[in-house]
Amino acid sequence: MPSGVAVVTFPGSNGDHDALHALASDIGIRVALVDYRCGELDGYEAVVIPGGFSYGDYLRCGAIARFTPVMNAVQQFASRGGPVLGICNGFQILTETKLLPGALLRNQALQFVCDWIHVRVEQTTSPWTSDLLKGDVLRLPIAHGDGAYFADKQTIEELEHGGQVVFRYCKSDGSAGASSNPNGAVSDIAGITNKAGNVLGMMPHPERATDLLTGGNDGARLLNHLFHLLQVPA
Amino acid sequence: MHCAIDVVVMPKAGVNDPEGTAIFNGLVSLGLQGVEQVRAGRHFQLMIEAETETAAIEIATVASSLLLANPVIETFTVRAENRDTVAVLGDL
């Protein structure tokens, strides 16, 4: 019987093994790779949709992954309150699937940005952020060409008032600044949850920041939470 | 009957279109006069087998709403190739 965290993978996903390694070795929880053709997620306690270029980013990033059997299963898993984390391409797939509102646009400057950035934790009511403190600053890597979060004015107001904005780009001291927004995202939004809080999408890569060997381990502060979510140890 | 159906997908007004802006800047730097704005979109051509042209347009419209366009950020138009009338409009 499957258990632990399901890391789903599509043709073109390249952050799947990063996620597997970070979760298994650095966080210490049971993980499994789940192929996009798998239509059920019974037994898994959390789902991670990793970064990469699923289906070559053809048409729109995440547009084609949305229609796979595994995403059908993820939708049902999420509707039952299961925790789902979409990282980068995973965030794009979640917006295409409408599990999260809005969309991710081409970076304002039209350049692919690969860099370390800082995000400020804006809310801690979601199951994903309940171990963090509001105002915490996480230093995380980004690597994307289409990461500018967009939603219409009404949706943005709903997200802000509903506490669904979880991460906002900021300077290293946590203060806001246009120069700290790497892609032109509306309201410097780097990560959001759905209304229920169980689905989190974020452009930065926490799974690439769980070991000082790769330059930082602030990602572990978010992913460690999976320890508390999961019933089954590694 | 075989129908060639054209679908054009464009960014909604108010959505940032850096590609359009970059292309516009390219035209300006070519020295071309008179171009005031460029918006960049996509053109799909669907070859559809259906009973009637109207049925083919319906199929193309469903394809557009479900996949070819993201209604959060894009609008679309559908028309049979070489026809004057635009059969279905998104919110332009």
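Guide: Helices (H or I, at least four residues) and strands (E, at least two) are DSSP runs, numbered from the N terminus. Counted in that way, chain B has 2 helices and 4 strands, and from the N terminus on its elements follow the order β-α-β-α-β-β.

Visitor: What should I keep in mind about the model and its numbering?

Guide: This is a predicted model, in which local features need pLDDT of at least 70 and side-chain atom pairs count only at pLDDT 80 or more, while totals for chains, interfaces and linings use all residues. Residues are numbered from 1 along each chain as its sequence is written, chains are lettered from A and ligands numbered from 1 in the order in which they are written, and side-chain values use heavy atoms, with hydrogens and water left out.

Visitor: Why is A:His144 called buried?

Guide: Buried means under 20% relative accessible area, exposed means over 50%, and partly exposed is in between, with a 1.4 Å probe and protein chains only. A:His144 has 2% relative accessibility, and therefore it counts as buried. This residue belongs to strand 7 (residues 137–144) of chain A. Contact means heavy atoms within 4.5 Å, and, leaving aside neighbours within four places in sequence, the residues in contact with A:His144 include A:Cys88, A:Phe112, A:Tyr169 and A:Met203.

Visitor: What makes A:Ser79 buried or exposed?

Guide: A:Ser79 has 62% relative accessibility, so it counts as exposed. It lies in helix 2 of chain A, where a polar atom of its side chain is 2.8 Å from the backbone oxygen of A:Gln76. That distance can be set against the rule for a polar contact, which is a pair of N or O atoms within 3.5 Å; within protein, one must be able to donate a hydrogen and the other to accept it, and residues adjacent in sequence count only if both atoms are side-chain atoms.

Visitor: Where is A:Asn198 found, and what does its side chain reach?

Guide: A:Asn198 is in the loop between strand 10 (189–193) and strand 11 (199–202) of chain A, and its side chain reaches the backbone oxygen of A:Gly82 at 2.8 Å. Its relative accessible area is 5%, so A:Asn198 is buried.

Visitor: How do you know that helix 3 of chain A is largely enclosed by the rest of the structure?

Guide: In helix 3 (residues 89–96) of chain A, 8 of the 8 residues are buried, and so the helix is largely enclosed by the rest of the structure. Among these buried residues are A:Phe91, A:Ile93 and A:Glu96. Just after helix 3, A:Lys98 takes a positive phi of about 70°.

Visitor: What makes B:Glu74 and A:Arg60 a salt bridge?

Guide: A salt bridge is a side-chain nitrogen of Lys or Arg within 4 Å of a carboxyl oxygen of Asp or Glu. The closest N and O atoms of B:Glu74 and A:Arg60 are 3.7 Å apart, and the pair forms a salt bridge. B:Glu74 lies in strand 3 (residues 74–80) of chain B and A:Arg60 in the loop between strand 3 and helix 2 of chain A, so the pair joins two chains. Both partners carry the label buried, B:Glu74 at 14% relative accessibility and A:Arg60 with a relative accessible area of 9%.

Visitor: How many salt bridges does the structure hold?

Guide: The structure holds 14 salt bridges over all chains. One of them links A:Asp35 with A:Arg37, the closest N and O atoms being 2.7 Å apart; here A:Asp35 is partly exposed at 29%, whereas A:Arg37 is exposed at 56%. In another, the side chains of A:Glu122 and A:Arg120 meet at 2.7 Å, N to O. Salt bridges that share partners join A:Arg120, A:Glu122, A:Glu160 and A:Arg168 into one network.
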